[in-house]
Amino acid sequence: MVKLKVTLIPGDGIGPEVVNAAVQCVDALLDVDWHYTEIGDQAIKDFGKELPVKALQLAKKTKITLKGPVTTPIGGGFHSVNVKLRKELGLYANVRPCKTLQGIDTPYKVDLVVIRENTEDSYSGIEFKQGKFARILRQYHMPTNSAVALKTISSKASKRIVDYAFKYAKQNKRKKVTAVHKANILKITDGLFAKSAREVAKKYTIKFEEKLVDNMAMQLVKKPEEYDVLVTTNLYGDILSDLCAGLVGGLGLVAGANIGDRYAVFETVHGSAPKYAGKNKANPAAAIFAAVMMLNHIGKEKEAKKIEDAVKQVIKEGRHLTYDIAKSKSKAVGTKQMTAAILKRIRK
Ligand code: NAD
């Protein structure tokens, strides 16, 4: 049998601990050739570059990558290597399912998916220092020493992501697609996204609606059960998917897939949570769910289900849970102990 080949990027902060948990779960059922590489701060130390050629080559060679979170310096330093990786691999769709799990106390029963455009918007990385736009800003009576970021929206990328959302809805028997934007204020950029969404929606029989992002945030915390598939631009998708993670119990439980025409990268929605790094505190569930999404993507549904069921069972039983989802802080266990409980059920 051909051995599965997967690029493995543990990331930094809590990344290596939670990714290690996911690898153990996959290894318990499948023979995988993991191709280890680094990006971000560790890669700068080892190779002098945050996104080394080796990492990109490996991700392209294996086509599939399991990735831990990578820290992005705030306010300076290198640009997000996560964003760069998504661009380099053409991973235009970011799919983040959020579903209430038995054993997690939440006010609502949620089952929705955020599909986020992954390549443009204010994540274009095109920013200008103070003074560079003085002449144009003056015309608009804005402070001439403002820093400026470009929000880019194209009809090509907008149509592509909305089409992806409808195809996803069809394949997964979802009933409604909601396009989220702010076209009342950003008439040209978000207006283009909204217009593109309407055009694509005409091709499908699935129910379609639009919501302004501010109203969407309110609706999500008031009646999230009314929403099914949300499709939106990069920044709103980033924010709303963290909000939706909160609705189902927190960032420790939610995974995401970055999908392109040729390659795919599976990761947690959460970041590197540096304050918990190396402390055996982080919830491994999100990273394990990322591995579950990866296995489903490559047709290993049986193994994916076994791992997913094991995580759900451990959460439902409630005896081996990390601090973020434990019934009481005094009963919380560490990453390793929760992983061990999951592995025990996978191997049963
Ligand atoms: P974060 O998601 O790392 O953490 C926010 C908080 O959520 C943590 O303090 C913790 O309380 C909780 N949390 C997150 N993951 C958890 C887990 N597995 N178990 C238990 N609790 C968990 O967000 P942040 O602190 O804003 O970002 C830290 C760094 O991560 C930043 O540099 C950011 O750029 C980066 N980041 C990377 C990715 C990625 O690699 N895809 C995604 C998001 C953020």
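Helices here are DSSP runs of H or I with at least four residues, strands are DSSP runs of E with at least two, and both are numbered from the N terminus. What we are looking at is a predicted model, in which local features need pLDDT of at least 70 and side-chain atom pairs count only at pLDDT 80 or more, while totals for chains, interfaces and linings use all residues. Residues are numbered from 1 along each chain as its sequence is written, and side-chain values use heavy atoms, with hydrogens and water left out.

Let me start with the loop between helix 5 (134-139) and strand 7 (148-149), where Met 142 lies. Met 142 is partly exposed, at a relative accessible area of 46%, where buried means under 20%, exposed over 50% and partly exposed in between, using a 1.4 Å probe and protein chains only. His 141 lies in that loop between helix 5 and strand 7 too, and His 141 is exposed, with a relative accessible area of 73%. Although His 141 is not a glycine, its phi is positive, about 55 degrees; most residues other than glycine have a negative phi.

Asn 280, which is also not a glycine, has a positive phi near 55 degrees. Asn 280 sits in the loop between strand 12 (264-268) and helix 10 (285-297), and is partly exposed at 23% relative accessible area.
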